[in-house]
Amino acid sequence: MTELPGALTLRLQALWGPAVEVAEVRPMPGGASRESWDVRVRLAGDGLAGGTERRLILLRDAGGRARTPPRNVTVEAAAMIAARAAGVPVAELLDHGEGALGRAYLLMERLDGETIPRRLLRDDAYSAARPHLAHRLGEVLARIHRIDPGQIPGLPQVDALGQLTELYQGFAEPRPALELGLRSLREHQPAPVADTLVHGDFRTGNLMIATDGLAGVLDWELTHRGDPRQDLGWLCTKAWRFGSARPVGGFGPREDLMAGYAAGGGTPPDEATQHWWELYGTVRWALLCRSQAERYLSGAEPSVELAVLGRRVCEQEWDILLALGHAQPLAVEDPLQDREYPPVRPHDRPSGPGLLRAVRDFLATEVGASDPVLKFHARVAANALRIAEREARLAPAHEQAHRARLAALGCADDQELCAKIRDGSLDHRSGDVAEAVRAATVDKLTVANPAHLAIPD
């Protein structure tokens, strides 16, 4: 970070003149794909906007991260500019480029509001805004989808289902629940509609919400040309409800979203098509979690956040089974709840698991009190220890049960089961297949996040 304030000062002076001083550059938490910085700029005399201080946000690729495909900030910037011109609430883009700050970056005004889902969905400060957000988000999506994608040079065209299939095949990792999801998507794909501009990541967490409503649509890095219904399904995907029973990002009912979409000039999809795109979103998020975890597994990035993302894939696998009717919400007690560990002689107390508990409590409650980025990663690390402790207790029994389930289906391993799901050779035992996949997913979630099993679809 030491070189960033100086580089940013030089860039802003080139844009706005010499009377610019970068007073503070502070890292912001979250974001597995790039860095976020809160920037405070002082302006001397009668400079820009006639003020003395301005707050900015800098988004920049992190060092050492090879992106596939590479980020195209020019396309992202053009989409933001076009959306702002179309009346979509988007931060004013001030600068973007590839080299001036060492890596690809976007520099924009800072919007006032909140993005953290648990606050937006629970805090009293947003109680007046929440009931109106589903309708408003529909209106905004309609505005985005009415933008001519031809006005954005280099905008990629995406075959949504083809992209998922290619991503899954690229891992060469058998996952029966994903096979069931992908097969259902292939067999029930709705008829196409005309391509539009698609935001690509329109969801809770990428929406800046003020106490009086939507303040801004963030994170345009996945924007592309494709089926507009993808945005509607993604917003309603279970992962972005964060435990809320309200399907539209946790804020409201689908009916409000579709009414807003129609009011904004869009054509709402029918119920079956919307369901298809929500299932698509769940499969997509499972693959994106696995894709981000690969950056850790390959040794490219030693990140605890990316490591733990690898254990979140099973959350989406469970949600796929819920969406397909192969599972129902299930209450499972956390194996660590009120767990006491006897000493193992001749070792002293606390036991090994007791030491793990002490470390995870330290990480969760004491680390990073004055550093939000460190605090975030400390909490992720504490969760990693919980997963490891549950797995140490349960893995032998889970492995034995999994082998028995596969053997009962006549499969040697997950790879053979996936092949049989794909080619239909076990269709005559579809109930047994679904039950085996359900049981395996329950075991994985009992270790990774048992509370997720009880969240309804």
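In H6, Pro176, Glu179, Leu180, Arg183 and Arg186 meet Asp414, Leu417, Cys418, Ile421 and Arg422 of H14. By class, that contact is made of 5 nonpolar, no polar and 5 charged residues. Before I go on, please note that this is a predicted model.

Let me stay with this pair. Helix H6 covers residues 176-187 and helix H14 covers residues 414-423. Their axes come within 9 Å of each other and cross at roughly 15°. An angle under 35 degrees counts as roughly parallel, so H6 is roughly parallel to H14. The crossing of H6 past H14 is right-handed.

Is aspartate 413 buried, partly exposed or exposed? Its relative accessible area is 35%, so aspartate 413 is partly exposed. Aspartate 413 and alanine 392 are 21 residues apart along the chain, and their C-alpha atoms are separated by 22 Å.

Alanine 172 is in the loop between helix H5, residues 160-171, and H6. Alanine 172 is not a glycine, yet has a positive phi of about 50°. Most residues other than glycine have a negative phi, and most peptide bonds are trans. With 69% relative accessibility, alanine 172 counts as exposed.

Phenylalanine 242 shows a positive phi too, again of about 50°, and is not a glycine either. Where is phenylalanine 242 found? Look in the loop between helix H7, residues 229-236, and helix H8, residues 254-263. Phenylalanine 242 has a relative accessible area of 30%, so this residue is partly exposed.

H7 and H8 have axes 12 Å apart and an angle of about 150° between them. Over 145 degrees counts as roughly antiparallel, so H7 is roughly antiparallel to H8. H7 passes H8 in a right-handed crossing. Which residues meet here? From H7 there are Leu232, Leu235 and Cys236, and from H8 there are Arg254, Leu257 and Tyr261. These residues divide into 5 nonpolar, no polar and 1 charged.

Helix H9 runs over residues 271-297 and helix H11 over residues 313-323. Their axes come within 8 Å and cross at roughly 160°, which means that H9 is roughly antiparallel to H11. This crossing is left-handed. On the H9 side, the residues in contact are His275, Leu279, Thr282, Val283, Trp285, Ala286, Cys289 and Arg290. On the H11 side they are Val313, Gln316, Asp319, Ile320 and Ala323. By class, this contact has 8 nonpolar, 3 polar and 2 charged residues.

One joins arginine 345 to proline 346, with omega near 10°. The other joins arginine 349 and proline 350, with omega about 0°. Proline 346 lies in the loop between H11 and helix H12, residues 352-365, and proline 350 is in the loop between H11 and H12 as well.

Next, the interior. In soluble globular proteins, nonpolar side chains tend to be buried together. Here the largest nonpolar core has 46 residues. Those with the most contacts inside this core are Val88, Met108, Ile144, Phe202, Leu214, Val217 and Trp220. Take valine 88: leaving aside neighbours within four places in sequence, valine 88 is in contact with Ala83, Val140, Arg143, Ile144, Val217 and Trp220. There is also a second, separate core of 25 residues, which includes Leu164, Trp240, Val283 and Leu306.

Last, a charged residue. Glutamate 389 is in helix H13, residues 372-408. Is glutamate 389 buried or exposed? Buried means under 20% relative accessible area, and glutamate 389 is at 3%, so this residue counts as buried. Not counting residues up to four places away in sequence, glutamate 389 touches Leu336, Tyr341, Pro353, Leu356 and Arg360. How far apart are glutamate 389 and histidine 132? They are 257 residues apart in sequence and 43 Å apart in space, C-alpha to C-alpha.

Methods:
Residues numbered from 1 in each chain as written. Predicted model: local features only at pLDDT ≥ 70, side-chain atom pairs only at ≥ 80, totals over all residues. Heavy atoms only, no water. Axes fitted to C-alpha atoms, helices over the stretch in contact; angles between N-to-C directions. Helix = DSSP H or I, 4+ residues; strand = E, 2+ residues; numbered from the N terminus. Parallel < 35°, antiparallel > 145°, perpendicular 65-115°, else oblique. Left-handed = near helix turned anticlockwise from the far one by under 90°. Contact = heavy atoms within 4.5 Å. Nonpolar A, V, L, I, M, F, W, Y, C, P; charged D, E, K, R; others polar. Core = buried A, V, L, I, M, F, W, Y, C linked by side-chain atoms within 4.5 Å. Buried < 20%, exposed > 50% of the residue type's maximum accessible area, 1.4 Å probe, protein only.
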